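I opened this structure for the first time today and kept notes as I went. Here is what I looked up, entry by entry.

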Amino acid sequence: MPLRVLVQHIWPSPKDDTLLGEKMAPVYAGQEELMRRIIGRDTLIRQSFNPRSAYYSNCASMEAYNNVGMLEAMRAAEPEGFDVAFITCGNDPALQAARDLLSIPVVGSTESAMLIACTLGVRFGVVTFDEESTVLVERNLRTYGLEDRALRYKPARSAGFYEASDTWFTDPAYLRESVIPRFEKVAKALIEDGADVIVGACGNFSALPYHGYTKVTGTEVPVLDAVASGACMAKMIGEMRGTLGISTSKQRSFKGVPANLAAQVLAPFRVTA
């Protein structure tokens, strides 16, 4: 049976997106194509969107609002037989809570990239989309216990992007001439400070490997995009669940509550048409 992956986004679907609308369609299409290159063409991938999105993912308050819709979407989809859930936002919103709520394993995009980075170098540095996201990425480093594998000084730094990223997928020349130089300015500063590996902590950075960019120009330093790394992790964990029965521990940290009780107490949060 093909692997079944639930891909959870932080924003609504393009048709329901009141901020950027259809501009996001090429982004989601590009991300899915990248995932299929990694996971396999026969994989069942469902993109799940957030009908109650606060849109902004770069501060703790808006993240909290976003998490409710994301968690409910994943909880509602779980009984359909998915092998793994994959949260694509680079700030890994709702990741710990989803592991507590669901019985299937849940993969975070930037956490995956950081863990893979630990196998490719001694220290890594992180490039974020905007300045505000550096705070959440540094929080996640502490949560994941990876502070000693990241750079000690300013491990997460912003490339200063504040733009829709649809053209990143549809216009390779724009990506090459405008996006990559800005990304590499930050990446090279991280390398100068001792980074062996660069992690791109934003779903929009999936445009980089989508167009074949995986190494900082003029160096031997790999660039690990969060979505590509998360797809690799989802494939591995999903297949381990299918063949070996491996899933999230429910002994202590992510024990959660019984499914029937969760369904009862969470009824007021259910998304209705």
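Entry 1: I began with exposure: buried means under 20% relative accessible area, exposed means over 50%, and partly exposed lies in between (1.4 Å probe, protein chains only). I am reading a predicted model, in which local features need pLDDT of at least 70 and side-chain atom pairs count only at pLDDT 80 or more, while totals for chains, interfaces and linings use all residues. Residues are numbered from 1 along each chain as its sequence is written, and side-chain values use heavy atoms, with hydrogens and water left out. For names, helices (H or I, at least four residues) and strands (E, at least two) are DSSP runs numbered from the N terminus.

I looked up G218 and found it in the loop between α8 and β8. Is G218 buried or exposed? G218 counts as exposed because its relative accessibility is 82%. K188 is 30 residues from G218 along the chain, and their C-alpha atoms are separated by 9.9 Å.

Next I visited G21, in the loop between β1 (4-8) and α1. G21 counts as buried because its relative accessibility is 14%. From C-alpha to C-alpha, G21 and G218 are 38 Å apart in space, and in sequence they are 197 residues apart.

**Entry 2: positive phi.** I checked Y55, which sits in the loop between β2 (44-48) and α2 (60-77). Y55 is not a glycine, yet its phi is positive, near 70°. Y55 counts as buried, because its relative accessibility is 13%.

D92 came next, in the loop between β3 (84-87) and α3 (95-101). D92 has a positive phi of about 50° although it is not a glycine. With a relative accessible area of 5%, D92 is buried.

**Entry 3: helix α7.** I followed α7 over residues 172-192 and found a bend of about 40° at V179, with the proline P181 following within four residues. The bend at a residue is the angle between axes fitted to the seven residues ending there and the seven starting there. I listed the buried residues of α7 as L175, V179, I180, F183, E184, V186, A187 and L190. Among the elements covering them are β5 (124-128), β6 (156-158), α6 (166-170) and β7 (197-201). Just after α7, G194 takes a positive phi of about 115°.

**Entry 4: helices around α9.** Which angle do α1 and α9 make? I noted that α1 (residues 25-39) and α9 (residues 226-244) pack at about 45°, with their axes 9 Å apart. Axes are lines fitted to C-alpha atoms, for helices over the stretch in contact, and angles run from 0 to 180 degrees between N-to-C directions. That angle makes α1 oblique to α9. For the wording, under 35 degrees is roughly parallel, over 145 roughly antiparallel, 65 to 115 roughly perpendicular and the rest oblique. The contact (heavy atoms within 4.5 Å) is made by Q31, L34, M35, I38 and I39 of α1 with V227, A228, A231, C232 and K235 of α9.

Then I turned to α4 (residues 109-120), whose axis comes within 7 Å of that of α9, crossing at roughly 80°. Therefore α4 and α9 are roughly perpendicular to each other. Here I found S109, T110, S112, A113, L115 and I116 of α4 in contact with A226, V227, S229, G230 and M233 of α9.
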